[in-house]
Amino acid sequence: MLSVANYKRAESLEEAWELNQKRTNKIIGGMLWLKMEDIRINTAIDLSGLGLDRIEETDDGFSIGCMTALRDMETHAGFNGYTCGAAREAVRHIVGVQFRNLATVGGSIYGRYGFSDVLTLFSVLDAHAELYKGGLVPIREFAGMRPDNDILVRITVKKDGSVFSYKSVRNTATDIPVLTCAGAYGGGKLTLAVGARPGRAVCFDYETDPGSPAAAERVSADVCEKIVTGSNLRAGAEYRKHLAGVLTKRVCAELAKEAGSK
Amino acid sequence: MNIEITVNGKKLRDEIDADMMLIDYLRSHGCLSVKRGCETSNCGLCTVFLDDKPVLSCSVLAARADGRSVTTLEGLRGEAEEFAGFIADQGAEQCGFCNPGFVMNAIALFREDPSPSEEKIKEYLAGNLCRCSGYEGQLRGIEEYLKWKKQK
Ligand SMILES: Cc1cc2nc3c(=O)[nH]c(=O)nc-3n(C[C@H](O)[C@H](O)[C@H](O)COP(=O)(O)OP(=O)(O)OC[C@H]3O[C@@H](n4cnc5c(N)ncnc54)[C@H](O)[C@@H]3O)c2cc1C
Ligand code: FES
Ligand code: FES
């Protein structure tokens with residue numbers, strides 16, 4: 001069970017960071033994952049008073065505050081326009097609207113969960129984690145870093161003219177995914193991320209046009225051959241490998257369609 | 001710690017433990033429609049509005065609601081009764097346990113989109129689990145209610 005001795009709504013990032021240096025204190029995002037853990041928190045540090053609960057768009061990109069709710073990412077017209085609806089597709093199956101009004105983008109990325117739809121999506125965007133002390137770190141690098149006591153302030157996404165697609169497979173609606181797949185195509189480069197293997201999302205980069213059926217076949221076979229999958233109560237390793245091939249092909253087809261209509 | 005929350009339009013001031021969940025706070029103030037149906041933030045039974053957005057009160061610290069307003073089914077009496085009648089007419093309320101959370105989230109949907117498509121209804125209410133009804137009756141009830149609202 002989760003227990004919290006003190007609650008502090010931080011008045012500045014510096015105050016939050018200082019409190020977070022003590023091992024028994026914790027930043028709380030939506031608190032949905034934390035609530036399932038068996039931990040005693042001395043001080044729960046709430047960042048919700050710092051204006052970090054929104055997505056800001058400029059001509060060059062997006063700045064997504066760590067406290068932005070998944071539901072706000074799902075319904076943000078600019079971000080969904082840019083990602084060809086992949087942002088909405090990545091989160092709309094996560095539990096329910098009431099859950100997504102609480103769960104945060106910051107908590108989802110910071111958690112680096114293997115099953116994460118959110119991490120899979122951000123892995124194919126030109127995205128950086130902005131850490132309070134650590135500065136800007138590419139998302140792929142951040143995903144591999146060990147959790148420390150820094151604060152994830154926001155995620156920045158550069159607009160690079162790519163098109164995007166997102167697919168996932170679930171055993172039942174609203175359950176954690178069996179496999180996730182995101183794709184980006186732009187400037188002749190194709191990037192695919194496959195997550196919920198059940199391990200964390202891994203990326204595959206190609207210089208090919210997903211619109212050519214032969215290329216899509218080649219890419220799909222390559223992903224199938226290279227991807228390392230595992231078994232858990234949701235699915236077996238072999239089934240996941242098979243799904244990886246199917247989803248990469250579907251993502252390639254959608255990317256080709258998006259590129260054609262752009 | 002001290003908090004001040006407006007619950008169903010009434011300002012309440014209390015001294016609470018830092019880890020008191022909003023659901024327990026609301027129940028301690030007589031909002032017994034708000035129930036706990038799971039320990040994993042999955043069932044939607046505990047749905048309330050926090051500043052007009054539907055959230056899971058089992059997963060929010062009461063401390064986080066300090067300075068904000070909360071609405072429960074008790075605060076939506078007329079609107080909720082009107083809608084719940086259509087659900088009952090379809091036999092979609094069996095044990096009735098899921099009903100308060102379901103009604104709250106359905107009202108949140110109608111406020112956001114007064115004419116939702118079937119797909120949108122299903123997607124919006126996917127986080128409200130019901131062990132009895134099989135959901136079809138609930139869907140029929142919503143469609144009948146929306147038709148009636150339009151004619152009204
Ligand atoms: C029942 C359930 C089902 C789920 N299903 C899915 C699913 O299908 N797909 C999916 O992608 N995800 C799923 N998730 C994960 C969920 O979407 C969130 O990613 C998860 O709850 C973490 O987000 P949070 O805001 O709740 O973070 P919290 O639980 O508050 O925090 C998680 C961790 O991140 C730390 N943290 C939070 N914010 C920051 C910050 N700004 N800086 C530094 N550290 C921080 C916390 O200290 C904690 O260690 C599920 C979670 C649950 C509980
Ligand atoms: S009690 Fe089940 S989601 Fe809140
Ligand atoms: S009517 Fe029994 S759980 Fe829904």
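Two strands count as paired if DSSP finds at least two bridges between them, and strands (E, at least two residues) and helices (H or I, at least four) are DSSP runs numbered from the N terminus.

Before going on, a word on the model: it is predicted, so to speak of local features takes pLDDT of at least 70 and side-chain atom pairs count only at pLDDT 80 or more, while totals for chains, interfaces and linings use all residues. Residues are numbered from 1 along each chain as its sequence is written, chains are lettered from A and ligands numbered from 1 in the order in which they are written, and side-chain values use heavy atoms, with hydrogens and water left out.

Chain A also has an open sheet of 5 strands, in the order E4-E5-E8-E6-E7 and with antiparallel pairing. At its edges you'll find strand E4 (55-57) and strand E7 (135-138) of chain A, each with a single partner strand, so one side of each is left without a neighbour in the sheet. The twist averages 25° from one strand to the next. Further in, strand E5 (residues 61-65) and strand E8 (residues 152-158) of chain A pair in the antiparallel sense over 5 bridges, with Gly65(A) opposite Arg154(A) in E8(A).

Most residues other than glycine have a negative phi, and most peptide bonds are trans. Met31(A), which is not a glycine, has a positive phi of about 75°; look for Met31(A) in the loop between E2 and H2 of chain A. The peptide bond from Arg197(A) to Pro198(A) is cis, with omega near 20°, and Pro198(A) lies in the loop between strand E11 (189-195) and strand E12 (202-206) of chain A.

Chain B has its own hairpin to look at. Strand E1 (residues 2-7) and strand E2 (residues 10-15) of chain B pair in the antiparallel sense over 6 bridges, and Asn2(B) stands opposite Glu15(B) in E2(B). The hairpin has 2 residues between the strands, and Asn8(B) takes a positive phi near 50° there.

So how do the two chains meet? In contact terms (heavy atoms within 4.5 Å), 30 residues of chain A touch 28 residues of chain B. Together the chains bury about 2,300 Å², 52% of it on carbon and sulfur atoms; buried area is the accessible area (1.4 Å probe) that two parts lose on being put together, summed over both. On the chain A side, Tyr7(A), Lys35(A) and Gln98(A) lose the most area to chain B, together 28% of what that side buries.

The interface also holds 5 salt bridges, a salt bridge being a side-chain nitrogen of Lys or Arg within 4 Å of a carboxyl oxygen of Asp or Glu. The side chains of Lys53(B) and Asp72(A) meet in a salt bridge at 3.6 Å, N to O. Strand E1 (3-9), helix H2 (32-36), helix H3 (70-75) and helix H6 (97-100) of chain A each supply at least two residues of the side that touches chain B. E1(A) gives the largest share of that side, 6 residues.

Over all chains, the whole structure has 31 salt bridges. Glu74(A) and Arg71(A) meet in a salt bridge through their side chains, at 3.0 Å, N to O. Being 3 residues apart in helix H3 of chain A, Glu74(A) and Arg71(A) are separated by about one helical turn.

How values were computed:
Axes are lines fitted to C-alpha atoms, for helices over the stretch in contact, and angles run from 0 to 180 degrees between N-to-C directions.
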